[in-house]
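Subject: Structure for your review

Dear colleague,

Please find below the structure that I am handing over to you. My findings follow it, and I would be grateful if you could read them with the structure open.

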Amino acid sequence: MDKTLKTIFIIFLILTSLKGLSQTGILNGKVYSWLMDEYLDSTSVKIQHTNFKSITDKNGFFEINGIPFGKYTLVINGYDGILVKEININQELTEIQIKYPYCEYTSDYKIKTNCPICNKKDKVIPIYYGLIDDKESLKKAKRGKIILGGCIVSFCDPNWYCKRDKKYY
Ligand SMILES: [Zn+2]
C-alpha cells in the first residue's frame with residue numbers, strides 16, 4: 001500500500017469510528033395524567049443539562065430528535081408539578097409513556113407484590129380500603145392477613161404492606 005492510500009485508509013477508519021461514537025436517537029412518547037384521565041398538552045419535556053426539549057401537543061405527544069446515545073434525566077413539567085425520569089438512549093428510537101403525576105404504588109397500573117426493600121413477597125399483604133363489613137375480611141385483618149386502610153383519599157395510595165420492613169407501598 002503506498003503512503004497516500006494508507007493515509008486515506010486511516011482517515012476512513014477514524015471517520016468510521018467517530019460515526020460509531022456519535023450515534024443519536026429519537027425520544028418520543030406521550031404524557032398522561034392519572035388525575036384527569038387524559039393526555040396532557042402544553043407540558044414541557046426537557047433533558048436535564050442539555051438544550052434538548054419539547055412540548056406536548058394536544059394528544060400529549062412529544063418528540064426530541066438527535067439525542068446522542070447515553071443516559072439522561074428527563075424533566076417533565078406540567079399542570080401537576082414536576083416529574084423526573086431516568087432514561088437511556090441507546091437505539092434509534094426510544095418510546096416512553098409517562099404516567100403523570102408519578103405514583104410509586106400503582107406504577108403502570110400493576111400492583112407490585114414484591115417488597116422493594118427486601119425484594120420478597122412472603123411478608124407482603126394487601127391493604128383493603130373502603131367500608132369493610134364482611135366478617136371474613138375482619139377475621140383476615142385480625143389474623144394479620146390483610147390491613148384495613150380506611151378510605152382512599154388520593155389517586156396514589158399504597159396497596160400493599162410489607163410486615164418485615166413495616167413499609168407501606
Ligand atoms: Zn419487605
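The largest nonpolar core consists of eleven residues: Leu27, Val31, Leu40, Val45, Phe62, Ile64, Leu74, Ile76, Ile89, Ile98 and Tyr100. At least two residues of this core come from each of β1 (24-33), β5 (61-68), β6 (70-78) and β8. In soluble globular proteins, nonpolar side chains tend to be buried together. Please bear in mind throughout that this is a predicted model.

As to the overall architecture, the protein contains two helices and twelve strands. Read from the N terminus, the order of the elements is α-β-β-β-β-β-β-β-β-β-α-β-β-β. Of the 169 residues of the protein, 12% count as buried. Among the contacts with a separation of 6 or more, 53% are accounted for by residues 24 or more positions apart.

Isoleucine 89 belongs to the largest nonpolar core. When neighbours within four places in sequence are left aside, isoleucine 89 is in contact with Gly25, Leu27, Ile67, Phe69, Gly70, Tyr72 and Thr94.

Glycine 60 is located in the loop between β4 and β5. Beyond its neighbours within four places in sequence, glycine 60 is in contact with Lys30, Val31, Tyr32, Tyr39, Leu40 and Asp41. The C-alpha atoms of glycine 60 and leucine 40 lie 4.6 Å apart in space, although the two residues are 20 residues apart in sequence.

Histidine 49 sits in the loop between β3 (44-47) and β4 (53-55). Its phi is near 60°, a positive value in a residue other than glycine. Histidine 49 counts as exposed because it has 9 C-beta neighbours inside 10 Å, the limit for exposure being 12 or fewer. Asparagine 119 is found in the loop between β8 (93-100) and β9 (124-128). The phi of asparagine 119 is likewise positive and near 60°. With 7 C-beta neighbours inside 10 Å, asparagine 119 therefore counts as exposed.

With kind regards

Note on methods
Residues are numbered from 1 along each chain as its sequence is written. This is a predicted model: local features need pLDDT of at least 70, side-chain atom pairs count only at pLDDT 80 or more; totals for chains, interfaces and linings use all residues. Helices (H or I, at least four residues) and strands (E, at least two) are DSSP runs, numbered from the N terminus. A residue is buried if 20 or more other C-beta atoms lie within 10 Å of its own, exposed if 12 or fewer, and partly exposed in between; C-beta atoms are placed from the backbone. Two residues are in contact if their C-beta atoms, placed from the backbone, lie within 7 Å. A nonpolar core is a set of buried Ala, Val, Leu, Ile, Met, Phe, Trp, Tyr and Cys residues joined through C-beta atoms within 7 Å.
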